[in-house]
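Hi everyone, thanks for coming. Today I'd like to walk you through one protein chain, step by step. Please have a look at it on the screen.

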Amino acid sequence: MSQDIRTPDAVGGPSGPTPRPARKRRRTGRIVLLTLLVLVLAAGGALYWGYSSLDGNIKAVDIDKALGDDRPEKLPTSGQNILVLGSDSRAGDNGDLAGGAVGGGRSDTALVVHIPEGRTQAVAVSIPRDTLVTRPECPRADGTTGPSAKRVMFNSVYAQYGPACVAKTVEAISGVRLDHYMEIDFAGFKDLVDTLGGVTVDVKQPIHDKQSGLELEAGRQRLDGTQSLAFVRTRHGVGDGSDLGRISLQQQFLTALLTEVKKQDLLSSPAKSYKIADSATKALTTDAALASLSSLSEFGRSLNGVDPQNMETIMLPVAYDKIDRNRVVAAEPQASQLWKAIREDAEIPESAKKSPATGG
């Protein structure tokens, strides 16, 4: 294994052994975290006059104010673009969960969800956390400004500068202007699964991961909240141990989670619908424009025309870094082709979906 070479801004250990090339990972259908949240909250929104207390659960970040005017142009046909993060602070309730003895906050899941004009289909671009990026200038919590830095690991941006800087970094590397922001906290994610009564997944191979605490045999398994959290965190117990392999598990689990939500008749059970909406909103941070149940419900209803069969998740095409093969960089020209198609609300070419590094 090559030496772990990082800039001072990078956090987190190596991704594991050098990843081996493997087949492309794509998942079509109901696999986008945003869709899950919107459907859950829209279900609550149908009765939202009785749920006014849920507004106080939702935390807000004024992304537009933080980003200022130096942003990509909003094209008239660019559709809607939402940055969705799954955060893992490893503090408070999160620190009590398996694998929680890690300092600092981090974002372990990052999706750029693009809903084309007309809102009949959607695509989500998953950005691997170990991708080396150029981070733009970003303000710190103490009011000072951190200078731009090259070869920064993507998930370190959240840890050191917070969600607004993640949004600024995504806009800088993609040229895509973000319309909304959503973040779900891992501890709240656990509670959401427990409120649903668990989620069933098909485990392809046995998983034994001491770091995440996950022990699963192959076959269909009903996971509780703690097991589900370990399932989406694990990387050492599956595939080649790289973060890229973990992305496919996250996609698989989100499919199962949304299937479970849709299977339960929440509208016929206001009490259970309220409990699920309460768990979801307590775990949720959004941009200021979406930070109320009524706003989220209205946004959810606007997505009713999106056909789940036309939804697709694509991993940002990446290649192994030439200096440190435990890290990846955007693969060209595929990455540029992908972002260009999203900016212009155009069909994504098949060539832009091919990633030289997929992690197995």
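Predicted model: local features only at pLDDT ≥ 70, side-chain atom pairs only at ≥ 80, totals over all residues.

Now, is Ser228 buried or exposed? With a relative accessible area of 0%, Ser228 is buried. Its side chain reaches the backbone oxygen of Asp224, at 2.8 Å. If we leave out residues up to four places away in sequence, Ser228 touches Phe189, Val193, Leu223 and Phe253.

A search of the whole structure finds 1 aromatic pair. The partners are Phe231 and Phe253, and their arrangement is tilted, with 6.1 Å from centre to centre and 50° between the planes. Why does this pair tie together parts that are 22 residues apart in sequence? Because Phe231 belongs to helix 6, residues 225–233, while Phe253 belongs to helix 7, residues 243–263. Both of these phenylalanines are buried.

Just after helix 5 comes Gly197, which takes a positive phi of about 90°.

Let's turn to the cysteines. How many disulfides does the count come to? The count is 1 disulfide. For anyone new to the term, a disulfide is a covalent bond between the sulfur atoms of two cysteines. Here the two are Cys138 and Cys165, with their sulfur atoms 2.0 Å apart. The link is right-handed, with 85° about the S-S bond. Cys138 lies in strand 7, residues 138–139, and Cys165 in helix 4, residues 163–174, so this pair ties together parts that are 27 residues apart in sequence. Cys138 counts as buried at 1% relative accessibility, and Cys165 counts as buried at 3%.

Cys165 also takes part in a helix packing. Two packed helices are described by the angle between their axes and the distance between the axes. For helix 3, residues 154–161, and helix 4, the angle is about 145° and the axes are 7 Å apart. From helix 3 we have Phe154, Val157, Tyr158 and Tyr161, and they meet Pro163, Cys165, Val166, Thr169 and Val170 in helix 4. Sorted by class, this contact has 8 nonpolar residues, 1 polar residue and no charged residues.

Asp142 is found in the loop between strand 7 and strand 8, the latter being residues 145–146. Is Asp142 buried or exposed? Asp142 is exposed, with a relative accessible area of 59%. A polar contact of 2.6 Å joins its side chain to that of Thr144.

Finally, let's zoom out. The protein chain has 10 helices and 18 strands. Of its 360 residues, 55% are buried. And among contacts with a separation of 6 or more, 72% come from residues 24 or more positions apart.

That's my tour, and I'm happy to go back to any stop on it.

How values were computed:
Residues numbered from 1 in each chain as written. Heavy atoms only, no water. Phe/Tyr/Trp six-rings, centres within 6.5 Å; stacked < 30°, edge-to-face > 60°. Helix = DSSP H or I, 4+ residues; strand = E, 2+ residues; numbered from the N terminus. Buried < 20%, exposed > 50% of the residue type's maximum accessible area, 1.4 Å probe, protein only. Disulfide = S-S within 2.5 Å. Polar contact = N/O pair within 3.5 Å; in protein donor to acceptor, adjacent residues only side chain to side chain. Contact = heavy atoms within 4.5 Å. Axes fitted to C-alpha atoms, helices over the stretch in contact; angles between N-to-C directions. Nonpolar A, V, L, I, M, F, W, Y, C, P; charged D, E, K, R; others polar.
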